[in-house]
Amino acid sequence: MKVLLLAAGRSKRMKPVEDKNFLKFLGKPLIVWQLEMLKEVGLLDVVVVGGDHNLERLKDATDHLEMNIEYVEQENLDEGMCGAVLAAKEYILEQSVLVFSSNDVVEASAFETLKRAFEPGDMDSYILGKKVESYFPGGYLETNEDGVISRIVEKPGEGNEPSDLVNLVVHLHKHTGDLIEALENVESDNDDKYEVALSNMIAGGSKMKAVAYEGFWQPIKFPWHIQKVARFLINESEKFIASSAQIAATAVIHGKVIIDEDVKIMDGAIVSGPCYLGKGSVVANNALVRDSNVGERCVVGFGTEVARSYLGDDVWTHSNYIGDSVIGNNVSFGAGCVTGNLRLDEGEVMVDFDGKKLSSQSNKFGLITGSNIRVGVNTSFMPGVKIGDDCFIGAGIVVAENVPDKSFVRAKVELKISENNQSAPRRDNFK
Amino acid sequence: MKVLLLAAGRSKRMKPVEDKNFLKFLGKPLIVWQLEMLKEVGLLDVVVVGGDHNLERLKDATDHLEMNIEYVEQENLDEGMCGAVLAAKEYILEQSVLVFSSNDVVEASAFETLKRAFEPGDMDSYILGKKVESYFPGGYLETNEDGVISRIVEKPGEGNEPSDLVNLVVHLHKHTGDLIEALENVESDNDDKYEVALSNMIAGGSKMKAVAYEGFWQPIKFPWHIQKVARFLINESEKFIASSAQIAATAVIHGKVIIDEDVKIMDGAIVSGPCYLGKGSVVANNALVRDSNVGERCVVGFGTEVARSYLGDDVWTHSNYIGDSVIGNNVSFGAGCVTGNLRLDEGEVMVDFDGKKLSSQSNKFGLITGSNIRVGVNTSFMPGVKIGDDCFIGAGIVVAENVPDKSFVRAKVELKISENNQSAPRRDNFK
Amino acid sequence: MKVLLLAAGRSKRMKPVEDKNFLKFLGKPLIVWQLEMLKEVGLLDVVVVGGDHNLERLKDATDHLEMNIEYVEQENLDEGMCGAVLAAKEYILEQSVLVFSSNDVVEASAFETLKRAFEPGDMDSYILGKKVESYFPGGYLETNEDGVISRIVEKPGEGNEPSDLVNLVVHLHKHTGDLIEALENVESDNDDKYEVALSNMIAGGSKMKAVAYEGFWQPIKFPWHIQKVARFLINESEKFIASSAQIAATAVIHGKVIIDEDVKIMDGAIVSGPCYLGKGSVVANNALVRDSNVGERCVVGFGTEVARSYLGDDVWTHSNYIGDSVIGNNVSFGAGCVTGNLRLDEGEVMVDFDGKKLSSQSNKFGLITGSNIRVGVNTSFMPGVKIGDDCFIGAGIVVAENVPDKSFVRAKVELKISENNQSAPRRDNFK
């Protein structure tokens, strides 16, 4: 059996955050987490499908793993999952294939459950169905009493769900040839060809089993998904404090923390898990980090709070509040900068995607940034704002709109300088 | 003897702070403090005079007390104290009456002193005279050598005081009928009818004794009086830390504190008495509360200082400085907000009352707010500013004027976004 | 032998910082440090040359020292060092003279080295040459193999240095009469007459020896030199904590600190040496002072960081970041004020001197202020800005330009107050 790991997506909705495959959690890129999990459950033969934009990088990031990984380029990314499977056709044709998207973060048990269901071998395909307790806008698996899928119903609307199982892209196809044939013959103008092909297969007599899964599942499609994944991965990991870490006597550490090599936690600092602190990072005096993933060589400066946030590498803060935010690499905030993370009306924070506002699904969400950014002192960011790569943002500004890549943002307020006819009282006269 | 407790005043000069009777000190409304003090000195029969605006609420707040309280409505509030006494006429006519204003915070000893003076019973009235050491703009008691009052001199001006005793509205009248008659016959267009009636009674032969009082006295007429009362009541109370309070090992607590049920004081936080922390409130990491009354379910967030301030219930702060301020209920400050509490010239802070500026009598005074307010991040308030109920204040603003109820305050500063031709240095090149 | 201590310079490039002679390091004016060092090495006979602007003050500051000090006024300050020596002519004519500028901070060993070189007595003059490892834009001593100076080469340019010895104004002239004569006869329109006279003396056969010096040397010509001197003097001093200092149990003190009488260091505060804290100063809760010289009666308020900075007397801070800055006397910063100390492009910080921008030689440099200044809350200063004496700076401003003496700086941003149709959620509905 081969795993077909789909990693070619361009992460458009994640911009300015970088390609999710390379987002580092606990210092390790997501693509490595995914492959290591496959390895853990004994799935060592993997075909990774990437695009022109990331295939080399996927290879560089993963070829040190002791697995049998083949790398395939999907040329036309508009063809989605269908195109991805067909691009890998020659690598998978001869055996069963497990299709899995690098977008989806699940537990190893997802694969174990699927493998167990596969053992009797009486079905043509096995589709992982995430058991949900409330409505989720995805594809629902309609099944008969034996768990055999009769239909996949896309976004049925709340109350119309045919089951409590949502189609999760962890699909095991026993007869890859049948899948390929169905994909090659599907007719659809949309990017749902893969799903239509599955439906056609079912209609043509393929027996597909819904395999119920009750574990963790978090797709990473929007920036606000990132910290949820970080929190999960930290909580799943063992507590660890590197022996090279320097922790001051008056620093306080609570809960599940993973503190990497050469981290320095200074007097009066507080680290409250779940937290990851990357190699060489500093939590300075009287700073607080809680429920966050902090990359390498970061400085959480004096008096700063970082809460429920994801920080890339080389992020420098200083007397800041970074809350519910996603910060890229090589970003520096001047003292007094604040990421607003709650609207005045406390409604759900909206994020603008090229003019279309989408809800972050939470009333607490802060700033999203790309990389290589410098921010002046005392600047404020409104909830849900996005700052592109390579930007300079001046001091004392309120940024309430998205800022494109390579921007310099200023807010010239003219000063009025007049003669001062008053004098500052001498201190000894002051009570 | 009955106590006539005057509580009908509309607290105009306290706006946007709520009716002073219901201001909670140490979690208990002022009106309850006043009644419990009367109970403590054995004065159990009380007539509370309220107005249409607050009588029901006065009843709700106090009828659980095990005292004999009657509630009377004063219909025409313009008639002041005179109207209040006459409104209660039928409840007090048959006995002696002790007239006391809920405005005035005094010690129980004020009543004990008066009762002791009353025991010989040789006078018609007993007027509490607060012994002052410097000039106070009130009514002074002119007395003969036996302490019998010959005249009440309103605001004589410094140097012209006829005595060191200021008329404090804790008045015991033995013959209530005589007082009623004098009030019914007084002729004055001003709201000083009660005082004129007293003068007429003296002129007509009533013997009124000035009873000297050296204890605490603080009227609550202006917002800047509130914290003085809070400080007094905290200092008078026993130190108390509820067993349900959670106090982190590295938190520091100094001095007289009253820490109510379910309070949480986190690592690195400092509480420096005199302080009251209301039920369920949180003092977060590295925050400081000193010399303040904090209501219920408040959050004194990370890195915040609350100094010499009164916070109502449900006040949320976060990396703020709240100094010498009076904050209502359900108020939230974004990170980085600051209440200025000292003028640049360090002169007395002035407060604008409908266009008329009055001195707060101090060079340190901050913000006054009503309730149901949200403030964006990094916003500043100038000393002595008042914010009405139900306001939203945007981020990064300097508020230098009073803001009426139900206002949305913004300060749109246009941003200039141009192309950034520079690039942020890579961190590894940075020394 | 007499020392001629040149202290008449007007410190133009130091403005708005005060006359460097009176800048206090560890509570002691620089001129006293210089004289005490001379005393330490046995040089008790000193002629101090001042100007009309500072001679009285020089006398007041130093006449308590048990040395033989004579005070001489240099009338025409435009005549520089040459004028200074000639002004003191009658005081020094009869003996050897050691010319030393109060501008230059060196170690006592500089004088000891020079004295040792002088003992054989075979030369006419002894010139201290600071051994440098990289190019310094000063005068280089060209010598023959015996260390006898053949020429002084002004700013030769990197790579053209005739030696590794830079002329440092610690000059011992055995025959003062010869020096005076040379100075009286020199012809030059520039203010380099003293240097030209030395060259003329060499040309005329005077034997001057270059005495190599490898110790500390820091001229104080620009504001960014000040903290370097402070750091040196603190590091040279013994660690000391006055017995009258009050240090809270949870305060943390690291490294070389000198904590003067009546200093108060409160809970959660951190002082990280090298640091000097002047008499009666307070480091309040959760504040941080590191690598700084803090004058008398300063308040480093709650949550403030003072880093690599020089603070005069009576400086009040409160939730501020003061980094790489030089602050005068009687200066107060409102809560939330920040001194930016790093450009967005992280280039060297430039300082404007009457329209001419000079580099601070560092990418970290902050604010320079004079004295008697008040700053409103949440105001930001851009790196390298200078604020003159007697200024008021309003709240919420970004100051990006120099501010002259006696200025009132405002930035009126109009507020838009409209009706608020939304209401703040009740807290009990808030998750």
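This is a predicted model: local features need pLDDT of at least 70, side-chain atom pairs count only at pLDDT 80 or more; totals for chains, interfaces and linings use all residues.
Local features are given only where pLDDT is at least 70, and side-chain atom pairs only at pLDDT 80 or more, while totals for chains, interfaces and linings use all residues. Residues are numbered from 1 along each chain as its sequence is written, chains are lettered from A in the order in which they are written, and side-chain values use heavy atoms, without hydrogens and water.

**View 1. Helices H3 (residues 80–87) and H7 (residues 193–203) of chain B pack at an angle of about 75°, with their axes 6 Å apart.** Helices are DSSP runs of H or I with at least four residues, and strands are runs of E with at least two, numbered from the N terminus. The axes are lines fitted to C-alpha atoms over the stretch in contact, with angles from 0 to 180 degrees between N-to-C directions. H3(B) and H7(B) are therefore roughly perpendicular, a term that covers 65 to 115 degrees. B:Met81, B:Cys82 and B:Val85 of H3(B) meet B:Lys193, B:Tyr194 and B:Glu195 of H7(B), where contact means heavy atoms within 4.5 Å.

**View 2. B:Leu30 lies in helix H1 (residues 30–40) of chain B.** This residue, B:Leu30, is buried (under 20% relative accessible area, with a 1.4 Å probe and protein chains only), its own value being 1%. Beyond its neighbours within four places in sequence, B:Leu30 has contacts that include B:Phe25, B:Val105 and B:Ile220.

**View 3. Strands S20 (residues 282–283) and S22 (residues 299–300) of chain B pair in the parallel sense over two bridges.** Pairing requires that DSSP finds at least two bridges between two strands. B:Val282 has B:Val299 in S22(B) as its bridge partner.

Technical notes. Angles under 35 degrees count as roughly parallel, over 145 as roughly antiparallel, 65 to 115 as roughly perpendicular and the rest as oblique. Buried means under 20% relative accessible area, exposed over 50%, partly exposed in between (1.4 Å probe, protein chains only).
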